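Hi everyone, thanks for making time. I'd like to walk you through one model today, so please have a look at it before I start talking.

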Amino acid sequence: MVDVAGDVCGVVSAVLEVGKWLAGPIWRPCKYLYNYTTNFKNLEMEVDKLKNTRDEVERKIIAAERNVEVIKQNVKDWQKNVGETITKAEQLIQEKEIDSRCFKGLSPNFIIHYKQSRKAFKLKRDDIDPLLQQEGELSPVSYQTNPPDIWLRPSENYLAFESRNSTVKNVWDALNDENVFMIGVYGMGGLGKTTLVEELGRKAEKDKLFEDIVFLEVSESPDVNKIQTTIGNKLGLKFKNENESEMANKIYLRMKDKNILLILDNIWEPLEFEKTIGIPCGADRGRNKLLFTTRNLDVLERMGSTNNFQIGILNEEEAWTLFTKMAGNIIQTRELHSLPNDICKECKGLPIVICTIAKALKNKSRPYDWNYALQELRAPSPAKFTSFLEEDYTKIALSYKYLRDDELKKMFLISSLMENNTSISDLFRHVVCLDVFDGVNLTMKEARDRLDKLVCDLKDACLLLDGFKSGQFAMHDVVRVVAITIAYVDHHVFTPRNDIERDWKNRDKLKKCTKISLPGNSTIISQLWPNDFDCPNLEYFHMTNMRNSSLEIPEDFFTKMPKLRVLNLDGLQQSSLPSSIDILANLQTLCLDYSKVEDVVVIGRLKKLKVLSLLCSNIKEFPMEMGQLTQLRLLDLSDCYDLKVIAPNVLSKLSQLEELYLKGCCIQWKIEVLEQLKLLSSLSSLELDIEDEKVLPKNFISRELIRYNISVGDWSFTDLLFGEHEHLRMLELIIDPTINLEELCVIKNVELLCLAEYLDDENENEDEDEDEDNLKPSKFNLQSTEITPLFNKKVIFPDLKVLALKNIISRKIWDSELPSSSFQKLKELILRRCTKIKFVFPYAITKNLQQLQYLEIKDCIDLRGNCCYRRNNRSSCLFCLS
């Protein structure tokens with residue numbers, strides 16, 4: 001029996017399945033058509049929502065950009081997609097509106113409606129909805145970063161000066177050298193050190209020389225926390241209430257083994273980089289570098305920086321280039337004439353002064369503005385800094401403020417009273433009795449060493465400069481202005497810069513005065529004396545170059561200065577000193593160089609005198625009264641050509657004497673007077689000429705002196721000229737058979753030795769223009785036989801650096817068996833008219849002369865020629881070395 005019901009159910013079920021399958025495709029078009037209006041309404045609503053969301057995100061972006069933050073890339077991508085999606089949606093909505101107007105009153109096109117409805121639905125579902133959902137994931141829209149520092153931007157004000165090209169190159173080479181860690185640029189305030197290193201930083205940034213470059217000003221009062229915070233911010237570190245030690249650890253980990261340049265500007269004191277700040281300084285420092293600027297070389301050296309480069313002032317052409325750039329076209333104003341050029345010259349090549357003055361006058365076309373500036377530069381008041389340069393001078397004054405001790409400060413201020421290219425030896429006489437040096441009972445040698453160190457430190461601090469010659473110093477004019485201002489304001493030091501009516505005639509101010517320094521042509525004393533000149537606290541009085549002055553020191557002049565300790569009247573034109581000088585019970589230094597003073601008896605009453613200098617004066621006799629100067633430690637009678645007599649038993653009474661200078665005097669020495677020098681147990685420096693070697697006491701020069709320049713015999717006949725030597729110990733001897741060189745060898749520390757023999761009397765008077773080939777025979781033999789060597793095992797000078805021989809007839813200079821240590825320091829050897837010498841060096845001695853740099857041989861006829869040998873350029877004459 002057939003199951004009809006089951007079959008019917010199966011057919012119905014199959015039909016339903018087919019119906020369901022057909023219903024999807026049929027319904028979807030119908031659904032889009034049916035929901036046409038709804039889909040577009042939903043689209044419009046979502047577009048509005050998306051626009052609002054977009055606007056909100058854009059407000060966040062604007063706020064972030066104003067805060068110099070970087071917008072995230074996904075936010076930028078979202079913005080782009082939103083813009084494109086809104087454009088698509090608005091186009092579709094616009095098409096729908098156009099179609100609605102076209103089919104108004106007519107039957108719609110179902111195919112077009114279907115497509116539009118379908119697009120609207122999918123645009124909302126697939127594009128707009130995801131963008132709205134993504135908006136919640138965008139926050140925050142930005143992140144903070146370090147924007148490029150302003151100093152890294154190209155600077156229009158930077159000028160590449162030729163005088164600094166070598167410094168720029170040296171620093172740049174050091175930045176590229178992987179073996180260099182610390183680099184220093186130093187110079188006086190206002191030279192443009194910061195500008196220079198900023199330009200090098202910009203170049204390093206452009207060339208991608210480092211991963212990061214950090215610039216920070218340390219200043220005179222370094223704040224470690226601020227330094228760490230600045231470095232951390234520049235390197236992207238975030239600090240949250242960490243202490244300095246924790247911050248140092250973070251910086252250390254951030255910089256370890258990296259390639260980062262730190263430019264630390266305006267360093268005044270050494271910094272503990274690794275321990276305190278966190279900058280790696282050991283083997284793990286990687287390729288990091290530290291570039292410093294400072295005013296003091298000593299600061300760099302104390303931090304271990306060895307690649308240090310100094311910058312100086314601009315030359316005249318460079319200064320004018322900078323001035324014209326800063327002042328602009330105003331300098332072409334015809335009415336100003338030469339004023340711009342005159343003012344630029346008065347700026348003395350210092351960029352900070354040039355820029356300040358030029359900018360101040362940039363828009364000033366009236367000549368009186370420029371004349372006022374010129375007057376301020378030429379004659380600044382010591383009472384205050386000039387209005388134009390007050391800020392700049394104050395910055396330079398910081399160099400003085402941060403000198404590390406009072407010794408340096410005192411020395412700097414006294415140095416400002418000296419002329420440029422003053423010798424350090426002259427400065428010593430001004431300061432040795434002014435309580436400048438710390439410590440008591442210093443010997444002259446110790447005080448000189450201390451002074452040399454202080455001058456060197458002031459040069460390292462760029463407050464003093466090198467002079468024209470070795471052993472001299474100078475000071476930049478702007479620094480001198482600052483120093484004199486400080487000296488007046490803080491220490492009541494008066495100079496020609498002080499206003500006569502306001503300062504000099506103010507009795508209250510003058511009574512506080514501690515130091516006076518005036519040029520010899522000054523009329524200030526004449527205007528003040530006697531009613532307005534009262535200086536009860538004066539310790540230092542200095543008048544320079546009085547040789548062209550008509551000033552006559554009044555007899556009672558020194559009654560107004562009872563505390564005077566240092567008196568220097570250079571070139572005084574009076575033959576006798578004012579009688580009131582003997583009331584200067586505290587006077588310790590008296591300098592009357594180049595004076596016409598003849599009568600010095602009154603000086604013997606100055607019982608506390610320690611330094612007496614009468615160099616090139618008209619003194620004829622050193623009288624018995626001078627024996628009262630039992631505290632005297634330095635006596636200089638150099639080049640007193642009229643001085644013929646030193647009274648008996650005077651020198652021996654100067655028991656404290658440490659330095660005695662008698663070079664260039666025509667003293668008629670007696671053996672008993674010279675014997676007195678042997679009694680001066682403290683004597684360490686001696687300069688004198690003894691024309692008659694017969695009065696030379698035995699063992700007279702056996703003392704181990706620290707400094708000496710002793711000439712024995714008549715050296716007027718010789719043409720040996722040595723120029724300026726830095727040697728401390730020089731000995732010139734005219735030899736005759738009564739002097740044995742072995743006796744001279746007790747002088748172990750001689751550095752420059754000149755030996756010569758007399759000419760015959762008849763030859764001495766021959767015409768100087770006689771042919772040099774007609775050589776004059778010697779009067780004496782140096783040794784008992786001609787074959788005896790000049791120098792043997794007993795006659796050696798281990799410290800000798802220069803040896804000059806003239807008219808020596810010995811056949812040999814050196815013994816062939818000299819110790820290996822003999823003459824190892826010899827740098828120069830000069831032979832003149834040594835007629836019998838055949839060989840300069842035996843082979844055995846050449847190995848000892850590794851320091852020899854200069855060899856001159858002239859008129860040594862047995863050598864058959866003249867030669868000049870220099871080791872530095874590898875040239876030599878072979879026969880001289882045979």
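First, a word on naming: helices (H or I, at least four residues) and strands (E, at least two) are DSSP runs, numbered from the N terminus. Counted that way, the protein has 26 helices and 28 strands. Please keep in mind that this is a predicted model, where local features need pLDDT of at least 70 and side-chain atom pairs count only at pLDDT 80 or more, while totals for chains, interfaces and linings use all residues. Residues are numbered from 1 along each chain as its sequence is written, and side-chain values use heavy atoms, with hydrogens and water left out.

Now the overall picture. Of the 882 residues, 49% count as buried, meaning under 20% relative accessible area, with exposed being over 50% and partly exposed in between (1.4 Å probe, protein chains only). Contact here means heavy atoms within 4.5 Å. Among contacts with a separation of 6 or more, 64% come from residues 24 or more positions apart.

Let's go to the sheets. Two strands pair if DSSP finds at least two bridges between them.

Strand 8 is joined to strand 10 (residues 472-474) by 2 bridges, with S423 opposite Q472. As for helix 17 (residues 424-431), 6 of its 8 residues are buried, among them F428, R429 and H430.

Next, how do helix 16 and helix 18 cross? The axes of helix 16 (residues 406-415) and helix 18 (residues 444-460) come within 10 Å and cross at roughly 80 degrees. Helix 16 is therefore roughly perpendicular to helix 18. For the record, axes are lines fitted to C-alpha atoms, for helices over the stretch in contact, and angles run from 0 to 180 degrees between N-to-C directions; under 35 degrees is roughly parallel, over 145 roughly antiparallel, 65 to 115 roughly perpendicular and the rest oblique. Helix 16 brings E407, L408, M411 and F412 to the contact, and helix 18 brings R450, L451, L454, D457 and L458.

Finally, the inside. A nonpolar core is a set of buried Ala, Val, Leu, Ile, Met, Phe, Trp, Tyr and Cys residues joined through side-chain atoms within 4.5 Å. The largest one has 123 residues, and I231, F273, F323, V353, Y393 and F412 touch the most other members. Helix 19 (residues 477-491) gives the most to this core, with 7 residues. Leaving aside neighbours within four places in sequence, F323 is in contact with residues including I331, P340 and W370. A second, separate core has 108 residues, including W529 and W669.

Not counting residues up to four places away in sequence, D369 touches L361, K364 and F388. Thanks, and happy to chat!
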